[in-house]
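Please examine the following protein chain together with its three-dimensional model. The paragraphs below it are intended as a guide for a first reading.

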Amino acid sequence: MIEDRTERCLRLAQEEHYCPHCQQRLSCCQAPPFHVGDGLGWGSDILFICLNDECSLYVRSWQEFEDRYGHAASCRYILCPGNEKGEAMMVGGQQAFKGLEVNVEALQQQNQRHAAEQEAAAKLAGCVEAGDLAPVIHLLTDEHADLATRKQACEALARFQDLSCLDPLRNHKFRNPELEQEVNLAIGTMLKKMYKKECPNCAEIVKSQAPTCKHCGHSF
Ligand SMILES: [Zn+2]
Ligand SMILES: [Zn+2]
């Protein structure tokens, strides 16, 4: 199985590498989109970098660039994953690479969200028969879930007769207007099957034959 990008990031972020110049642990960073040095690309989306501002390589190189070339630049120690030895990489300023550290917590959250989506998607097939609305609601209200899977959830929704779907779906802000419309259609189908309708004035559910809404008095 091909390792997922998030899993690779997480795995690499657990690895411990140390700077040979200052012995501090290297930070696991996302590589910037271009190679500052030779334009060849990083060869890796993850890099280990010494971000220690007191690092002897960094401090010394700062001075060397100043003395030799008269311009403000320095070097940081950088190691590509899988390599034994790193190299000195020129940086234009103290902030270079900072803020690119892999955010382990955010990645773990992404992983959890993805696992929950997979779990809900796996339950989708038999959910109508099982009377289990939960995976449908989960997928429809997860804006990061796969759109095709969410549309399948929407088709399943239309086959339920369960008004408990109304609150979570109505309270959800759909970013995809097309999906939102499909959800509304599915709810309409469900209400019809249950001989119910939604009051356009107060959004309460009433019997489909009712001439007026018993909640707000609206006449149909
Ligand atoms: Zn260092
Ligand atoms: Zn009403």
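The account below moves from the domains to the sheet and then to the annotated region.

This is a predicted model, in which local features need pLDDT of at least 70 and side-chain atom pairs count only at pLDDT 80 or more, while totals for chains, interfaces and linings use all residues. Residues are numbered from 1 along each chain as its sequence is written, and chains are lettered from A and ligands numbered from 1 in the order in which they are written.

The domain assignment, whose bounds come from an automatic or database source, gives domain 1 (5-91) and domain 2 (113-195). The C-alpha centres of domain 1 and domain 2 lie 46 Å apart.

Four strands form an open sheet in the order E1-E2-E3-E4, with antiparallel pairing. Strands (E, at least two residues) and helices (H or I, at least four) are DSSP runs numbered from the N terminus, and two strands pair if DSSP finds at least two bridges between them. Strand E1 (27-30) and strand E4 (87-91) are the edge strands, each pairing on one side only. Strand E2 (residues 46-49) runs antiparallel to strand E3 (residues 74-79), and two bridges join them. Phe 48 stands opposite Leu 79 in E3.

For residues 97-124, UniProt lists "coiled-coil region" in an unreviewed entry; UniProt positions follow the numbering used here, feature names are shortened, and annotations may be inferred rather than shown by experiment. Over residues 97-124 the chain is 75% helix and 0% strand, with the end C-alpha atoms 43 Å apart.
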